[in-house]
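Here is a briefing on one protein chain. Look at the structure first, then read the points below.

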Amino acid sequence: MKIKLEVLVSLTAMVTAIAAVVVAIVQTQVMREEAELERTHTRLSVRPFIVINSHTDTTNSQGSFSIEIKNEGLGPAVIESFLLELEKKKISGWRALVDAAKKNEKNNQLSLKISESTINKGMLLPAGGHRQFLRLEADVEFIKRVKNVGDKALLSLCYCSLYEECWAITSEMERPDRVMSCEQ
């Protein structure tokens, strides 16, 4: 009986050791999965989400037209690249949109109020922040022409999060696309 008791104790010790190893392996896997979920949550908690908006007001005799970007995400966006095109040609700035609308303008006494802003590489757009790039006030007919030209323009923007995850968006898109980097 003594030998059988020793064998039973040995087997019990081996089963306990194997169970401990299995529990340790499972616990390690669970901890890895929790750590990955935590990293994913942390990245999402600072993810920017930029949208491009244009606004036209033609309710009065004087109308307005504006273009802006807004960060609707939870974290800041670092602007890495910006491109403005009109009829598939790169243009240098917002005034080119206004000039294109002025091409067939018959009224030389056109009263314009224009304010414009530039986009620079490295510009930081905080969560909830917005930046208006063009605001134009003029008579309603001219605003309609500017809107028509603005609808033909293509604004392309690439931005990154603080974790250097990057997205690209154009004025033709509703949602940004994930990209590997903003390098051209």
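Val179 sits in strand β10. The model is predicted. Val179 is partly exposed, at 24% relative accessible area.

- Val179 and Trp167 are 12 residues apart along the chain, and their C-alpha atoms are separated by 5.2 Å.
- Beyond its neighbours within four places in sequence, Val179 is in contact with Cys158, Cys166, Trp167 and Ala168.

**Disulfides**

- The count comes to two disulfides.
- One of them joins Cys158 and Cys182, with the sulfur atoms 1.9 Å apart.
- The 2.5 Å cut-off is the test here, so a sulfur pair within that distance is taken as a disulfide.
- The link of Cys158 and Cys182 is left-handed, with -80 degrees about the S-S bond.
- Cys158 lies in strand β8 (residues 153-160) and Cys182 in the segment after β10 (177-179), so this pair ties together parts that are 24 residues apart in sequence.
- Cys158 and Cys182 are both buried.
- Cys160 and Cys166 form a disulfide too, with sulfur atoms 2.1 Å apart.
- The link of Cys160 and Cys166 is right-handed, with 90 degrees about the S-S bond.
- Cys160 is buried at 8% relative accessible area, and Cys166 is buried at 4% relative accessibility.
- Counting bonded cysteines along the chain, the disulfides follow the pattern 1-4, 2-3.

**Strand β3 and its partners**

- Strand β3 covers residues 77-86, and seven of its 10 residues are buried, so the strand is largely enclosed by the rest of the structure.
- β3 and β8 run antiparallel and are joined by eight bridges.
- In that pairing, Ser81 stands opposite Cys158 in β8.
- β3 also runs antiparallel to strand β6 (residues 124-125), with two bridges joining them.
- The bridge partner of Val78 in β6 is Leu124.
- Strand β4 (residues 89-90) pairs with β3 in the antiparallel sense over two bridges.
- Here Glu85 has Lys90 in β4 as its bridge partner.
- β3 and β4 form a hairpin with two residues between them. Glu87 in the turn has a positive phi of about 55 degrees.

**Salt bridges**

- Side chains of opposite charge can pair when their charged atoms come close.
- A search of the whole structure finds seven salt bridges. Three of them follow.
- Glu80 forms a salt bridge with Lys121, with the closest N and O atoms 3.9 Å apart.
- Glu80 lies in strand β3 and Lys121 in the loop between β5 (113-116) and β6, so the pair ties together parts that are 41 residues apart in sequence.
- Glu80 is partly exposed at 23% relative accessible area, whereas Lys121 is exposed at 61% relative accessibility.
- Arg39 forms a salt bridge with Glu36, and the closest N and O atoms are 2.9 Å apart.
- Arg39 and Glu36 are three residues apart in helix α1, which means a separation of about one helical turn.
- Arg39 is partly exposed at 43% relative accessibility, and Glu36 is partly exposed at 36%.
- Arg135 forms a salt bridge with Glu137, with the closest N and O atoms 3.4 Å apart.
- Arg135 is partly exposed at 26% relative accessibility, and Glu137 is partly exposed with a relative accessible area of 27%.

- Ile18, Val22, Val26 and Val30 form a nonpolar patch on the surface. Together they have about 340 Å² of accessible area.
- Val22 belongs to helix α1 (residues 2-45). Val22 is partly exposed, at 44% relative accessibility.
- Val146 is found in helix α3 (residues 140-152). Val146 is buried, with a relative accessible area of 1%.
- Val146 touches Phe65, Ala101 and Leu136, leaving out residues up to four places away in sequence.
- Val146 and Cys158 are 12 residues apart in sequence, and their C-alpha atoms are 25 Å apart in space.

Definitions and conventions: Residues are numbered from 1 along each chain as its sequence is written. This is a predicted model: local features need pLDDT of at least 70, side-chain atom pairs count only at pLDDT 80 or more; totals for chains, interfaces and linings use all residues. Side-chain values use heavy atoms; hydrogens and water are left out. Helices (H or I, at least four residues) and strands (E, at least two) are DSSP runs, numbered from the N terminus. Buried means under 20% relative accessible area, exposed over 50%, partly exposed in between (1.4 Å probe, protein chains only). Contact means heavy atoms within 4.5 Å. Patches are made of residues with over 30% relative accessible area and no salt bridge: like charges are joined within 9 Å, nonpolar side chains (Val, Leu, Ile, Met, Phe, Trp, Tyr) within 5 Å. Accessible areas come from the Shrake-Rupley method with a 1.4 Å probe; for residues, only the protein chains shown count as cover. A salt bridge is a side-chain nitrogen of Lys or Arg within 4 Å of a carboxyl oxygen of Asp or Glu. Two strands pair if DSSP finds at least two bridges between them.
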